[in-house]
Amino acid sequence: MKKKLLITLIAGMAITFTLNSCYYDQFQELHPSLNTACDSSAATYSGDVNKIVNAYCIGCHGSSGSGGVSLNSFDNVKAAAANNKLMNALTGNGVPSMPPNTHLDDCKIGSIRHWIQSGMPNN
Amino acid sequence: MIKKIIITIIPVICFLFNANAQKDSMLDALDRQTPPVSEYVDATFKSSRLVNFQTVETTGKRTLDFRISHRFGLLNGGINTLYGLDGPANLRLGLEYSYDGRLQVGIGRTAYQKMYDGFLKYKWLRQTTDNSMPVTVTLLSCMYITADKDPSAAFTGFYHYQYFTSRMSYNYQLLIARKFSDHLSLQLAPTMLHYNLVENITDQNDMYSMVGMARYKINKRMALTGEYAWRISKYSQTMSQYHNSAAICLEIETGGHVFQIVLTNSYGILENQTIAYTQNDWLKGQIMLGFNIGRFFTL
């Protein structure tokens with residue numbers, strides 16, 4: 001009897017907690033202006049590329065340089081971009097797709113592509 | 001004299017025959033009255049997790065299971081990354097406990113997405129040797145909370161985790177398994193995942209899938225296992241970028257340990273990471289090596 005009561009109590013608490021914390025949110029709906037926030041055609045190194053690299057790459061490709069690729073400075077990022085290693089990794093072209101656990105959205109990849117096509121300036 | 005002997009023997013034979021017949025009929029009656037002894041089938045699976053997904057098993061009475069799950073980088077990174085051993089690696093540490101052997105609670109923390117998880121699991125129905133209950137059914141409810149920072153906030157200006165509840169997601173499974181023989185066990189699990197926050201307006205917060213798994217025991221200590229998750233519902237317009245999670249595993253049991261050597265296309269370890277968002281494709285050779293260790297402590 002005691003055991004049944006305990007199981008019912010735990011299950012009841014779990015269901016109550018779950019239902020109380022259950023939401024149906026969409027990020028785009030919460031922030032409608034998000035769609036216009038990204039303009040890859042105006043991408044710069046300091047404003048976009050460096051931020052993307054710092055957010056998604058530097059954890060593994062810092063000074064230790066996992067896989068022999070270090071992205072901890074402008075020169076290193078430029079070198080990886082110049083020999084196509086950077087774009088190949090971001091698009092999974094012939095090498096494992098990076099980052100290993102998520103896809104960068106088209107806008108971020110577009111920003112890096114635009115910066116490369118602009119001659120990789122340190123702007 | 002002969003007549004006396006015959007007169008003595010005949011009743012004795014009659015008595016013995018009658019007694020024997022009575023005994024047989026009494027045993028028959030007992031057999032008819034006593035139902036065959038029904039026992040619960042044990043060890044449908046050897047561990048509460050096959051690779052990434054949970055089995056119908058709960059830990060034994062008053063038993064604590066300390067679990068370490070580790071995934072290396074992609075094998076197709078080649079010799080330059082020592083076939084993924086250079087990483088990037090993912091790790092989950094977990095503690096799972098059951099007081100009565102049927103209701104189990106568990107907590108854990110996974111490095112990828114800095115994900116904390118907790119779950120309740122209850123072995124509701126148990127398969128019996130006489131097939132009066134042909135399957136084992138376990139109910140599972142999991143909750144996940146990510147402690148990750150939003151890397152995209154730096155350039156979008158919008159923080160994904162503005163609300164704490166946006167960090168939460170859930171998994172509900174009905175685990176149905178049958179041990180067909182000493183060697184073969186199969187499991188099916190209708191699964192519902194709920195994400196409090198998804199990215200696009202067209203994305204679904206709920207997604208449905210079916211998880212299947214099998215275990216084939218090779219010998220007393222070793223078994224081959226495999227699992228596969230079918231994504232049933234259309235939960236996102238970008239779902240074609242992701243793949244069904246699949247894994248094969250060599251399971252080695254030693255005293256007090258279960259050691260699992262794993263090949264999988266899922267970098268994540270938890271259901272909310274693997275079922276909907278497995279990025280790698282087995283067909284492209286995007287698989288990674290990993291291992292799980294379960295160490296049991298009786299408290």
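In this predicted model, a hairpin of 4 residues connects β6(B) to β7(B); strands (E, at least two residues) and helices (H or I, at least four residues) are DSSP runs numbered from the N terminus. The model is a predicted one, in which local features need pLDDT of at least 70, side-chain atom pairs count only at pLDDT 80 or more, and totals for chains, interfaces and linings use all residues. Side-chain values use heavy atoms, without hydrogens and water; residues are numbered from 1 along each chain as its sequence is written, and chains are lettered from A in the order in which they are written.

**Strand pairing in chain B**

- β6(B) and β7(B) are antiparallel and share 9 bridges, where two strands count as paired if DSSP finds at least two bridges between them.
- Within this pairing, B:Gln173 has B:Thr191 of β7(B) as its bridge partner.
- β7(B) also runs antiparallel to β9(B) (residues 206–217), with 11 bridges between them.
- B:Thr191 is the bridge partner of B:Ser209 in β9(B), and B:Ala189 is that of B:Val211 in β9(B).
- β9(B) pairs in turn with β10(B) (residues 222–231), in the antiparallel sense and over 9 bridges.
- In β10(B), B:Ala229 stands opposite B:Val211.
- A hairpin of 4 residues leads from β9(B) to β10(B).

**Interface of chain B and chain A**

- On the chain B side 44 residues are in contact with 35 residues of chain A, contact being heavy atoms within 4.5 Å.
- The buried area is about 3500 Å², and carbon and sulfur atoms give 62% of that area; the term denotes the accessible area (1.4 Å probe) that two parts lose on being put together, summed over both.
- Between the chains, 10 residue pairs are in polar contact, both residues being at pLDDT 80 or more; this requires a pair of N or O atoms within 3.5 Å, and within protein one must be able to donate a hydrogen and the other to accept it, while residues adjacent in sequence count only if both atoms are side-chain atoms.
- β4 (115–125), α2 (153–156), β6 (168–179), β7 (184–195) and β8 (197–198) of chain B each supply at least two residues of the side that touches chain A.
- Strand β1 (residues 25–26) of chain A runs parallel to β8(B), joined by 2 bridges, and A:Asp25 stands opposite B:Leu197 in β8(B).

**Aromatic pairs**

- Over all chains, the whole structure holds 12 aromatic pairs, that is, rings of Phe, Tyr and Trp (its six-membered ring) with centres within 6.5 Å, counted as stacked with planes under 30 degrees apart, edge-to-face over 60 and tilted for the rest.
- B:Phe72 and B:Phe291 form a tilted pair, at 6.2 Å centre to centre and 55° between the planes.
- B:Phe72 lies in β1 (residues 63–74) of chain B and B:Phe291 in β13 (residues 288–298) of chain B, so this pair ties together parts 219 residues apart in sequence.
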